[in-house]
Amino acid sequence: GTAQIGVTGLAVMGRNLARNFARNGLTVAVHNRTAAKTRALVEEFGEEGRFVPTESAEEFVAALERPRRLVVMVKAGEPTDAVIQEFAPLLEEGDVIIDGGNAHFEDTRRRERELRERGIHFVGAGVSGGEEGALHGPSIMPGGSAESYESLGPLLEKIAAKAPDGTPCVTHVGPDGAGHFVKMVHNGIEYADMQLIAEAYHLLRTVAGYSPAKIAKTFRGWNTGRLDSYLIEITAEVLAHEDAATGKPFVDVVQDRAEQKGTGRWTVQIALDLGVPVSGIAEAVFARSLSGHAELREASGALAGPVPEPLDEKAAEAFAAQVEQALYASKIVSYTQGFHQIRAGSEQYEWGVDLGSVAAIWRAGCIIRAAFLDRIRAAFDAEPDLVSLLSDKRFGEEIGAAQEDWRAVVVAATRQGVPVPGFSAALAYYDALRAERLPAALTQGQRDFFGAHTYRRVDREGSFHTLWGGDRTEVEAG
Ligand code: NDP
């Protein structure tokens, strides 16, 4: 075979990735279960580069140069296993299967183990950026063996997005499931970013009394500063959009029930297993679930509470500036939590993930791309063992400078009855980290009282139990 890479699964993502490889000068073998899609791709885009259309698995595998590199871009879950089962028997030692779908990292770990036993490299690669990213340059998060990255890395670097400093947004994240794990947390952070932006919108709409068009303008202003990011940019576009049928703001004709495909939920489930507090991401996932429960809201419409009273123009402007501070501070907390989760996963599975490199490959191509990520990269590069992003001097100072306005926004929201689960969970996290003493000491006392769960003392080593049901003396526990 002569194709340097192959792509099987030619729905939107696979088709665009294949075109991206071809446009970058690679010879690309293409394959799809339903062959009509393969033919359509070559008919429509054949002149963009060198495609080798194939109709059977055997033909596809034969079209590839060795070691073979096959990108699988099919529906995540069982279809991915079915495709692996189909191709693995046709491959030889040293060949590489790349799963670019949104697989759960535990599935990736299993597949990697099974294929490794057969001498085949399995690379679970997170791909972010949607269909546009796949075509023009995604952020790519490949896991798997270091050896597989040697042969694959240079090809991925060609098609990946380029950060403002020109570096490709792809790196060898770590062994087996590391890439899909990092992609999962990326999506969790994406949920949190979206929720925080939604809360800012809600406050500007109800407390500041701004129209969607005015909020779009405000966001465009923010997008020239430290909040400069793809999500703020597209939010302004969505808010400025008018519905053609009614002439109303688009955002007013869309049902207010957010849907989800599951990667945010996975992030929170895994965070619970790892014991990592990702409260911002969790609130974002729950906010979507809550919005979907129309019956709860219908049954609760009569509950008492304040009706927001919009501020006058001058006060509204001052308030908008405070909301920018609250949004930025809460965003720092989301990223702090997300990077904590990646570090915890990396330790649990011994992946050796470099957090600075993760921040670096999120600078372009992916949904959470933002100017901000270059500063996160710099913080972890300067101090790879940084315990928390909040312990970085610059981020610490910035969030400290924002905290008064942030509190004022949470107070105003609470007073006016506007739900801000993201802003307030982030603030609670911040204050918990600052606290000299947490009420967890009392929790330990309660646990010891009803369950003899024991506690540790501040002044002596060892575990202790108080005889709560007896004379309340303290005994040393085994
Ligand atoms: P879909 O998830 O809609 O999957 C459709 C593709 O899967 C088709 O090529 C289909 O073949 C193939 N397929 C389904 N079942 C089987 C099977 N049993 N055997 C063989 N092939 C099968 O496509 P997308 O392009 O949207 O996404 C591809 C992957 O990329 C998914 O894992 C998705 O989660 C992930 N992803 C998607 C993003 C997006 O924005 N859409 C962004 C990032 C990742 P056929 O034509 O024959 O039906």
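The legends below describe close-up views of a predicted model. Residues are numbered from 1 along each chain as its sequence is written, and side-chain values use heavy atoms, with hydrogens and water left out. Because the model is predicted, local features need pLDDT of at least 70 and side-chain atom pairs count only at pLDDT 80 or more, while totals for chains, interfaces and linings use all residues.

**View 1. An open sheet of seven strands.** The strands follow the order S3-S2-S1-S4-S5-S6-S7, and their pairing is mixed. Strands here are DSSP runs of E with at least two residues, helices are runs of H or I with at least four residues, and both are numbered from the N terminus. Two strands pair if DSSP finds at least two bridges between them. Strand S3 (50-53) and strand S7 (139-142) are the edge strands, each pairing on one side only. On average, neighbouring strands of this sheet are turned by 25° against each other, direction ignored. Axes are lines fitted to C-alpha atoms, for helices over the stretch in contact, and angles run from 0 to 180 degrees between N-to-C directions.

**View 2. The S2-S3 pair and helix H8.** Strand S2 (residues 27-31) pairs with S3 in the parallel sense over four bridges. Thr27 has Arg50 in S3 as its bridge partner. Elsewhere, H8 lies across strand S5 (96-99), S6 and S7, and runs at about 15° to S6. Contact means heavy atoms within 4.5 Å.

View 3. A cavity is a set of points, on a 1 Å grid over the protein atoms alone, where a 1.4 Å probe fits but cannot get out; a pocket is an open set with protein on both sides within 12 Å along at least five of seven lines; lining residues have an atom within 4 Å of a point. Grid points are joined across faces, edges and corners, and a volume is the space filled by probe spheres set on the points. By this rule there are five cavities of 30 Å³ or more. The largest cavity holds about 80 Å³ of space. Its lining includes Leu17, Phe21, Met73, Gly100, Val127 and Ile159. Helix H1 (12-23), strand S6 (121-128) and helix H7 (146-159) each supply at least two residues of this lining. The lining comprises eleven nonpolar residues, one polar and no charged. Ala, Val, Leu, Ile, Met, Phe, Trp, Tyr, Cys and Pro count as nonpolar, Asp, Glu, Lys and Arg as charged, and the others, Gly among them, as polar.

**View 4. The second largest cavity.** This cavity has a volume of about 70 Å³. Among its lining residues are Asp193, Ser229, Lys331 and Arg369. Helix H8 (178-206), helix H10 (230-240) and helix H15 (313-349) each supply at least two lining residues, and H8 gives the most, with three. The lining has eight nonpolar, one polar and three charged residues.

**View 5. The second largest pocket.** The volume of this pocket is about 170 Å³. Its lining consists of Arg437, Ala441, Gln444, Tyr455, Arg456, Arg457, Val458 and Asp459. Helix H20 (440-451) and strand S8 (455-456) are the elements that give two or more residues to the lining. Three lining residues are nonpolar, one is polar and four are charged.

**View 6. An open sheet of three strands.** The order is S8-S9-S10, with antiparallel pairing. S8 and strand S10 (474-477) stand at the edges, each with a single partner strand, so one side of each is left without a neighbour in the sheet. Strand S9 (residues 463-466) and S10 run antiparallel and are joined by four bridges. Phe464 stands opposite Glu476 in S10.
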